[in-house]
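Colleague: I have not worked with this one before. Could you take me through it?

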Amino acid sequence: MTVDISELTGDYVLDPAHTRIGFVARHAMVTKVRGAFHQFDGTAHLDGTEPARSTAQVVIKAESIDTGVEQRDQHLRTNDFLDVPNFPDITFRSTSVEPRSDTEYRVTGDLTIKDTTRPVTIDIAYTGNAVDPYGNLRVGLEGSVTISRKEFGVTWNAPLEGGGVLVGDKITLEFDISAIKQG
């Protein structure tokens, strides 16, 4: 059963078991490393009638970074990259939502990594809604944004013998969201 988008107004929480917050980074100039954060909390207020009045907040536990290679993950947790002991959280707080179509939105907000806050704009697509077997209304959203890690103080790198660097500057953040309506 689906619900008309105008009926979606309400408060939501991200379902961590069915949500993925991932990233893609260029490695050694020739391939991509993919990973995800497995611990996070997120809330949203969706306004189905006036989407511009919607809001979202996400807090990601930086220590939960996972690329599938423990040695690399340990390095990513150090001061060379995320400096988890000093900056345990990565946060996003929306500042505006701009409807682009009935199912596409441009969400602008403040992203904070390592105590550096910069505005980012994420293109988000509404992928549908359903009532699950437990009676919960779920909303699906997908989106991505590419950021410069250097703009957030994540500057470590190593030169390659043939030219270039080990880690690319551009990082694509990916969001596959399942949110559950509260109340």
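Predicted model: local features only at pLDDT ≥ 70, side-chain atom pairs only at ≥ 80, totals over all residues.

Colleague: Fine. Start with strand 2 and strand 3: how many bridges join them, and do they run parallel or antiparallel?

Modeller: Strand 2 and strand 3 run antiparallel, and seven bridges join them.

Colleague: What do strand 2 and strand 3 form, and how many residues are between them?

Modeller: They form a hairpin, with three residues between the two strands. Ala28 sits in that turn and has a positive phi of about 55°.

Colleague: Which other strand does strand 3 pair with?

Modeller: Strand 6, residues 65–66, pairs with strand 3 in the antiparallel sense over two bridges. There, Ile65 of strand 6 stands opposite Phe37.

Colleague: Now aromatics. How many aromatic pairs are there?

Modeller: Two, from a search of the whole structure. In one of them, the ring centres of Phe23 and Phe37 are 5.6 Å apart and the planes are at 50°, so the pair is tilted. Phe23 belongs to strand 2 and Phe37 to strand 3, and the two are 14 residues apart.

Colleague: Is Phe23 buried or exposed?

Modeller: Phe23 is buried, because its relative accessible area is 8% and the cut-off for buried is under 20%. Phe37 counts as buried too, at 8% relative accessibility.

Colleague: And what about Phe81 and Trp156, how far apart are their ring centres?

Modeller: The centres of those rings are 5.3 Å apart, with planes at 55°, so Phe81 and Trp156 also make a tilted pair. Phe81 is in the loop between helix 1 (70–76) and strand 7 (89–99), while Trp156 is in the loop between strand 10 (137–148) and strand 11, so the pair ties together parts that are 75 residues apart in sequence.

Colleague: Which accessibility class does each one fall in?

Modeller: Phe81 counts as buried at 7% relative accessibility. Trp156, at 26%, counts as partly exposed.

Colleague: Change of topic. How many salt bridges does the search find?

Modeller: Nine in the whole structure. One of them is between the side chains of Arg20 and Glu174, at 3.0 Å from N to O. That pair links distant parts of the chain, since Arg20 is in strand 2 and Glu174 is in strand 11 (residues 167–181), 154 residues apart. Arg20 is partly exposed, with a relative accessible area of 29%.

Colleague: Which residue does Glu70 meet in a salt bridge?

Modeller: Arg77, at 3.3 Å from N to O. Glu70 counts as partly exposed at 47% relative accessibility, whereas Arg77 is buried, with a relative accessible area of 16%.

Colleague: What about Arg100, which residue is its partner?

Modeller: Arg100 meets Glu98, with 3.0 Å from N to O between the side chains. Both count as partly exposed: Arg100 at 45% and Glu98 at 38% relative accessibility. Elsewhere, salt bridges that share partners join Asp15, Asp132 and Arg138 into one network.

Colleague: Over to the surface. Which residues form the nonpolar patch?

Modeller: Met29, Val30 and Val165, with about 270 Å² of accessible area together. Val30 is in the loop between strand 2 (20–27) and strand 3 (31–37). At 67% relative accessibility, Val30 counts as exposed.

Colleague: Where are Asp83 and Asp115?

Modeller: Asp83 lies in the loop between helix 1 and strand 7. Asp115 is in the loop between strand 8 (104–113) and strand 9 (116–131).

Colleague: Last one. Are those two buried or exposed?

Modeller: Asp83 is buried, with a relative accessible area of 8%. Asp115 counts as exposed, at 61% relative accessibility.

Key. Residues numbered from 1 in each chain as written. Heavy atoms only, no water. Patch = residues over 30% accessible without salt bridge, like charges linked within 9 Å, V, L, I, M, F, W, Y side chains within 5 Å. Areas by Shrake-Rupley, 256 points an atom, 1.4 Å probe, with all protein chains shown as cover. Salt bridge = Lys/Arg side-chain N within 4 Å of Asp/Glu carboxyl O. Helix = DSSP H or I, 4+ residues; strand = E, 2+ residues; numbered from the N terminus. Buried < 20%, exposed > 50% of the residue type's maximum accessible area, 1.4 Å probe, protein only. Phe/Tyr/Trp six-rings, centres within 6.5 Å; stacked < 30°, edge-to-face > 60°. Pairing = 2+ DSSP bridges.
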